[in-house]
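Please keep the structure in view while reading.

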Amino acid sequence: MSVAGLVCSLCGERFPVSAQYVCTECFGPLEVAYDWEAVRQRLTSEPFPCHTSSLWRYRALLPVNEIPPNDLGAGFTPLHPAERLAKEIGLEELWIKNDTVNPSYSFKDRVVALAVATAQQMGIPVVACASTGNLASALAAHAARAGLPAYLFVPADLEPEKILGAAVYGPHIIGVKGTYDDVNRLCIQIADRYGWGFVNINLRPFYAEGSKTLAFETVEQLGWDLPDHVVVPAAGGSLATKIAKGFQELLDLGLVFGERPRVSIAQAAGCAPIVRAWEAGLDHVEPVRPQTIARSLAIGNPADGVLALKTIRETGGAAAAVTDEEIIEGIRLLARTEGIFAETAGGVTVAALRKLVAQGHIRPDERTVLYITGNGYKTVSALEGQASAPPVVEPRLADFERWYATHSSAQAVELRPAGFPAASQGGVHPCPE
Ligand SMILES: *Cc1c(COP(=O)(O)O)cnc(C)c1O
Ligand SMILES: [Zn+2]
């Protein structure tokens, strides 16, 4: 394996591989350190296997030896050109990385895949997490598949559909009175005392590596080329930080050439501690109390907030926060223009993209990638009241025709018996028998 140990992402202090996650010198977050010579050798002897259409395709750049048994196959999701959305927003080239189609319908399957593989490698018998919802269902799914007991700690007032989406896999779910940040504090205590494998706490250095695969896939799907600018939703700030790290690793390894992509982040106005710190030019993040429909991004005290700020500044990105109304508009705009139904976090990302373009932070000629990280069926209640009940007709042709004739807004196509070319298209004939 090409892992050399753990390293503090703030002061650079090194530690051996273990379920440790904070630096004992400066309390900074730890990350996986690689032996890059070993990585290079591994890439020469086993280049990215093109028959592996999951994130394990990039295992040479991940802290694992081989694909874990009973894997769920997260990752390698589609990258779609988004011409209609680009036009509405005023961009020349826009791509959507559609991570709504992962096994449990959010990008969290990527990080959990790494964390559960690590728990199995370390022989940790119990996995757990503090979650705003998506992590809970991803961990419940992966633990079920791996046959590990899972304990999920969530805010007691979490949306019922998110509880259900995790409960179906049969984990232990504990509702905790308070916000995500209260849940997280309790979980840190449990992790410290009992040594359970909390995927986003003591396994976090390994967990976080899963997010890099979004950068690797994007580059490969662009034909081994880099985007100019990416827009990433931020909760704890790990995803944005690790996408930037993924691009940098491909550059360092000489697998791609060009400018480092600019990383901009998107948050909901009701929970935007990273955006506010960026706007105020701060080096630290002031915690906030979340109040937004984008529950999957509602982390008021982001664990990787400082690193996310650093990522924005070092790559020349920007940050934008959007209101709940703008989030709903964003969800509808993406669905209407590109046929992708995203959860509230996706609405945040689309609305923030629009704002960043309008404010000139993203230039129209920048090749931009938008990361859509969660599926709309997870947060259908956010759209309540957004669609009126459809009209009802009798099951008779004449009834349908009467409805069609009296609703001008429905007349997208002219009603004409099939099989005959339109009069105005005189040169066109039906296909011969
Ligand atoms: C967790 C999550 C994010 C952001 O993740 P962080 O790494 O905590 O910033 C983005 N989108 C969705 C849908 C998520 O569930
Ligand atoms: Zn340190």
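**The zinc site and the aromatic pairs**

The 4 donor atoms around the zinc ion (ligand 2) subtend angles of 100 to 117 degrees, and the arrangement is therefore tetrahedral. Four donors count as tetrahedral if all angles lie between 85 and 135 degrees. The model is a predicted one.

**Zinc site**

- The protein donors of the zinc ion (ligand 2) are the SG atoms of Cys8, Cys11, Cys23 and Cys26, which lie 2.2 to 2.4 Å from the ion.
- Along the chain, these donors follow the spacing C-x2-C-x11-C-x2-C.
- Cys23 counts as buried because its relative accessibility is 1%.
- Cys26 has a relative accessibility of 31% and so counts as partly exposed.

**Aromatic pairs**

- The count of aromatic pairs comes to 11.
- One of them joins Phe48 and Tyr58 in an edge-to-face arrangement, with 5.1 Å from centre to centre and 65 degrees between the planes.
- Phe48 and Tyr58 each lie in the loop between helix 1 (36-45) and strand 4 (79-81), so the pair ties together parts that are 10 residues apart in sequence.
- Both Phe48 and Tyr58 are buried.
- Phe153 and Phe198 form a tilted pair, with 5.8 Å from centre to centre and 35 degrees between the planes.
- This pair links distant parts of the chain, since Phe153 is in strand 7 (residues 150-155) and Phe198 is in strand 9 (residues 197-198), 45 residues apart.
- Phe153 counts as buried because its relative accessibility is 6%, and Phe198 counts as buried because its relative accessibility is 0%.

**Aromatic cluster**

- One aromatic cluster is formed by Phe48, Tyr58, Phe216 and Trp224.

Terms used. Residues are numbered from 1 along each chain as its sequence is written. Chains are lettered from A and ligands numbered from 1 in the order in which they are written. This is a predicted model: local features need pLDDT of at least 70, side-chain atom pairs count only at pLDDT 80 or more; totals for chains, interfaces and linings use all residues. Side-chain values use heavy atoms; hydrogens and water are left out. Donors are N, O and S atoms within 2.8 Å of the metal (3.2 Å for Na, K and Ca); water is not among the atoms, so sites may look incomplete. Four donors count as tetrahedral if all angles lie between 85 and 135 degrees; four count as square planar and six as octahedral if opposite donors are over 155 degrees apart and all others between 65 and 115; anything else is irregular. Buried means under 20% relative accessible area, exposed over 50%, partly exposed in between (1.4 Å probe, protein chains only). Rings of Phe, Tyr and Trp (its six-membered ring) pair if their centres lie within 6.5 Å; planes under 30 degrees apart count as stacked, over 60 as edge-to-face and the rest as tilted. Helices (H or I, at least four residues) and strands (E, at least two) are DSSP runs, numbered from the N terminus.
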